Amino acid sequence: MANSLDNKSITEQILSIRNTNNNEDFQKLFLQYRPLVLSSINRYHFRFYEIDDLLQESRIVCYQAVLAYNIDGKITFGKFFQQSLLNCFCSILRKESATKRQADRFAESFENILETQGEYYSKSAISNISPENTVIINEAVNSLPYLLSDFEYHVFSLLYFKHQSPEAIAILLKEPQNKVNRAVNRCKNKLAEELF
């Protein structure tokens, strides 16, 4: 009996939202389903979304569910909303996975150039990087004077632009080899932070 009253109340709220675009009724409806929303959010691990972003996404999904829900159907609004929410969260996770895979591929290709080919990278290795990633790399390289100390930037320039080996740089700058090696590592770390 209570369940049918609840369904009737929810149906009335849905109709009110549809007919008058009543924000107050929508807020009440969403609050009734907030535990469901929080439970759904906690089922997944989102890397790029904070709880407030996910709650906002959930509000949008709830509103869309109100508009799309078949009042005369056999499914309850709660089940319909839950399925809509899970579909939305799965889409978000797919996008995050695609972004992560793209970043991983980019990191691998860039790391390959820095680590395996180092200062002796070839033009063919650079040409394998996608145009979008080339823009990202160019922006990062242009910001290097602000990211690196003067010494680091000098080492980086000799290593990657003049194609000097770390040993040759140490001799050229009259600096100990380990100091140059540490500068190279700091450059790589700072550049990686900027890129990823």
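**Close-up views of a predicted model**

Tyr 69 and Phe 77 are both buried. They belong to a predicted model, and the legends below start from this pair.

**View 1. Tyr 69 and Phe 77 meet edge-to-face.** A search of the whole structure finds seven aromatic pairs. In one of them, the ring centres of Tyr 69 and Phe 77 lie 5.4 Å apart. Their planes stand at 85 degrees, so the pair counts as edge-to-face.

**View 2. Phe 77 and Phe 81 form a stacked pair.** The distance is 6.1 Å from centre to centre. The planes are 10 degrees apart. Both residues sit in helix 5, which covers residues 77–117. They are four residues apart there, so about one helical turn separates them. Phe 81 is buried, as is Phe 77.

**View 3. Five residues form one aromatic cluster.** Its members are Tyr 33, Tyr 69, Phe 77, Phe 80 and Phe 81.

**View 4. Helix 2 packs against helix 3.** Helix 2 spans residues 23–32, and helix 3 spans residues 34–42. Helix 2 makes the contact through Phe 30, Leu 31 and Gln 32. Helix 3 contributes Arg 34, Pro 35 and Val 37. By class, the contact has four nonpolar residues, one polar and one charged.

**View 5. Lys 179 lies over the face of Phe 151.** The distance to the ring centre is 4.7 Å.

Terms used
Residues are numbered from 1 along each chain as its sequence is written. This is a predicted model: local features need pLDDT of at least 70, side-chain atom pairs count only at pLDDT 80 or more; totals for chains, interfaces and linings use all residues. Side-chain values use heavy atoms; hydrogens and water are left out. Axes are lines fitted to C-alpha atoms, for helices over the stretch in contact, and angles run from 0 to 180 degrees between N-to-C directions. Helices (H or I, at least four residues) and strands (E, at least two) are DSSP runs, numbered from the N terminus. Contact means heavy atoms within 4.5 Å. Ala, Val, Leu, Ile, Met, Phe, Trp, Tyr, Cys and Pro count as nonpolar, Asp, Glu, Lys and Arg as charged, and the others, Gly among them, as polar. Rings of Phe, Tyr and Trp (its six-membered ring) pair if their centres lie within 6.5 Å; planes under 30 degrees apart count as stacked, over 60 as edge-to-face and the rest as tilted. Buried means under 20% relative accessible area, exposed over 50%, partly exposed in between (1.4 Å probe, protein chains only). A charge sits over a ring if NZ of Lys or CZ of Arg is within 6 Å of the ring centre and within 35 degrees of the ring normal.
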